[in-house]
Each structure stands twice: as C-alpha cells, then as structure tokens.
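Below are my notes on the model you sent.

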Amino acid sequence: MRQMIMGNWKMHGLRGRGSELATEIADAIGPVVAQRDVVLAPPFTLTALIAPILQSTGIGLGAQDCHAEAEGAYTGDISAPMLTDLGVRHVLLGHSERREHHHEDNALIRRKAVTAQKFGLCPVICVGESATQKRDGQAEAWLTRQIVECLPRSFQGIVAYEPIWAIGTGKAATEQDIESRMTLIHEVLRRHLETDDKTPRVLYGGSVKPEDAASILAVSGVGGVLVGGASLSAESFLGIAKAGLSSAS
C-alpha cells in the first residue's frame with residue numbers, strides 16, 4: 001500500500017504566501033508522487049487559490065474539517081459538498097485541536113465521516129492520547145474507544161494517530177512507541193471493520209521533522225505521516241516527503 005504524506009497548514013497563510021508555498025512544493029514534488037500519495041490541507045480561504053496550482057501535479061487537495069450536515073443554517077461552517085465542488089478529495093476530521101478547542105466528541109466526528117463519504121470525500125480520522133492518559137495507562141482503552149465510536153462500519157478512509165503529548169513539542173514518539181500504537185490501531189480496525197486482509201492506512205502525526213521522517217516511515221504499520229508545522233516550509237515538507245526514497249533528489 002502506498003504511503004501518504006499529508007500537510008496540515010492549520011490556521012496559517014495569506015494568499016501571497018499560500019500561493020508561493022504551494023508552488024514551491026508542486027515544482028519539486030515529481031520524484032515523490034510516483035511512489036507516495038501527497039495531500040495538502042490549507043485553510044479554507046486558500047482552497048480555491050491553490051487548487052489550480054496543484055492540478056496535474058499529482059498532489060491532492062485536502063481540507064481541515066467539514067460540517068456533519070450537507071447544508072443549512074450553520075453560519076461560519078463549511079459543508080462536504082462545498083469542498084468537493086472545489087476539488088477537495090481528503091478531509092481531516094477529529095483533529096486533537098478541534099476536539100479541544102471546539103469540544104468535538106466522537107459521535108459528532110462519526111456523523112461528519114458519514115457525510116464526508118456520502119459526498120465523495122475521503123475522511124482522515126484523527127485519534128490520539130494525552131500525556132495524562134499515557135501516564136495513567138489509559139491510552140489503549142482510549143484509542144480503542146475513539147476508533148469504535150468515530151468510524152462507521154462502512155468506513156473507507158484513513159486513520160491518523162496523533163500522540164497529543166508530542167504535538168507542537170518538537171519531540172516525536174520513539175519508534176517503539178509508534179510501532180506499539182500501530183499494532184494496536186490496526187488490530188482494533190480489523191475487529192471493528194470486520195476485515196481479515198488489510199485495514200485502512202494509518203498515518204503518524206506528532207512533530208514529524210525531516211531528520212526523523214525516514215525512521216518513522218520505516219516503522220511497521222505506518223501508512224504515512226500527517227505533517228503540521230513542518231508543512232509550512234517547502235524545504236521541510238519536501239524533506240519529509242522524500243525521506244527514505246532512494247530515487248528522490
């Protein structure tokens with residue numbers, strides 16, 4: 001299965017810099033897209049702007065969230081069909097920052113996933129444990145609950161594992177930590193989705209940097225990486241995207 005490199009720009013970038021960054025990445029991505037899937041998820045305000053820049057480059061256009069309803073009186077929200085209308089194909093759902101700052105629970109994330117799939121979007125569901133849950137030995141139970149409650153049985157998307165305790169700290173989880181979590185997540189997915197062959201891709205997201213990307217991507221069960229801060233620099237993002245690819249220059 002091809003690995004995915006997904007960049008989450010979060011709430012960063014005005015039109016000038018957003019256009020420059022997308023162009024810089026698009027101009028140098030050629031060696032990567034032959035071997036890996038690459039997706040950029042800019043702020044909503046930049047979606048229409050960078051869509052034509054990414055067209056024909058092999059880079060997919062992503063979004064950072066969508067509403068659980070297709071339309072309605074929901075001031076300030078963005079719907080799944082609005083995103084597909086702009087050419088978006090992947091949408092992040094349940095990111096730890098939205099769970100924290102917008103108080104999103106598992107039931108809401110599940111509704112969003114169902115709606116996203118209905119309108120042709122590939123949901124990328126984020127799961128992860130806090131430092132307290134990790135310390136108290138609750139991580140495995142919490143991750144299991146998130147997967148079971150967030151993913152519908154008909155799930156056809158991607159899962160992103162975020163060790164919340166590592167996000168924004170500059171410190172990634174150890175390879176042993178990541179492999180342990182990947183084993184757990186794939187097993188829970190296998191049971192929940194009742195599949196005997198292969199489970200959805202599981203990305204790792206947690207302060208990924210160019211210098212540790214190759215070792216993370218080589219961990220068993222890792223289907224790619226979700227890149228936050230490092231995706232705001234073309235040099236850093238491309239370094240991660242090309243990590244471990246011998247033919248990439």
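1. Buried stands for a relative accessible area under 20%, exposed for over 50%, and partly exposed for what lies in between (1.4 Å probe, protein chains only). By that scale Cys66 is buried, at 1%. Cys150 is buried as well, with a relative accessible area of 0%.

2. The model is predicted: local features need pLDDT of at least 70, side-chain atom pairs count only at pLDDT 80 or more, and totals for chains, interfaces and linings use all residues. Residues are numbered from 1 along each chain as its sequence is written, and side-chain values use heavy atoms, with hydrogens and water left out.

3. A disulfide is taken as a pair of cysteine sulfur atoms within 2.5 Å. The count under this rule is zero. For Cys66, the closest cysteine sulfur belongs to Cys122 and is 12 Å away, too far for a bond. The sulfur of Cys150 has its closest cysteine counterpart in Cys126, at 9.7 Å, which is also too far.

4. Helices (H or I, at least four residues) and strands (E, at least two) are DSSP runs, numbered from the N terminus. Helix α6 (residues 106-118) packs against helix α8 (residues 139-150) at about 45°, and their axes are 8 Å apart. α6 is therefore oblique to α8; angles under 35 degrees count as roughly parallel, over 145 as roughly antiparallel, 65 to 115 as roughly perpendicular, and the rest as oblique. Axes are lines fitted to C-alpha atoms, for helices over the stretch in contact, with angles from 0 to 180 degrees between N-to-C directions.

5. Which residues meet where α6 contacts α8? From α6 come Asn106, Ile109, Arg110 and Ala113; from α8 come Arg145, Gln146, Val148, Glu149 and Cys150. Contact means heavy atoms within 4.5 Å. By class, four of these residues are nonpolar, two polar and three charged. The nonpolar class is Ala, Val, Leu, Ile, Met, Phe, Trp, Tyr, Cys and Pro, the charged class is Asp, Glu, Lys and Arg, and the others, Gly among them, are polar.

6. Arg201 sits in the loop between α9 (175-193) and β7 (202-204) and is buried, at 14% relative accessible area. Its side chain reaches the backbone oxygen of Arg2 at 2.8 Å. Leaving aside residues up to four places away in sequence, the residues that Arg201 touches include Met1, Asp37, Ile158 and Gly223.

7. Two non-glycine residues deserve a check of phi. His103, in the loop between α5 (96-101) and α6, has a positive phi near 55° and is exposed, at 68%. Ser207, in the loop between β7 and α10 (210-217), likewise has phi near 55°, but Ser207 is buried, at 17%.

Notes
Polar contact = N/O pair within 3.5 Å; in protein donor to acceptor, adjacent residues only side chain to side chain.
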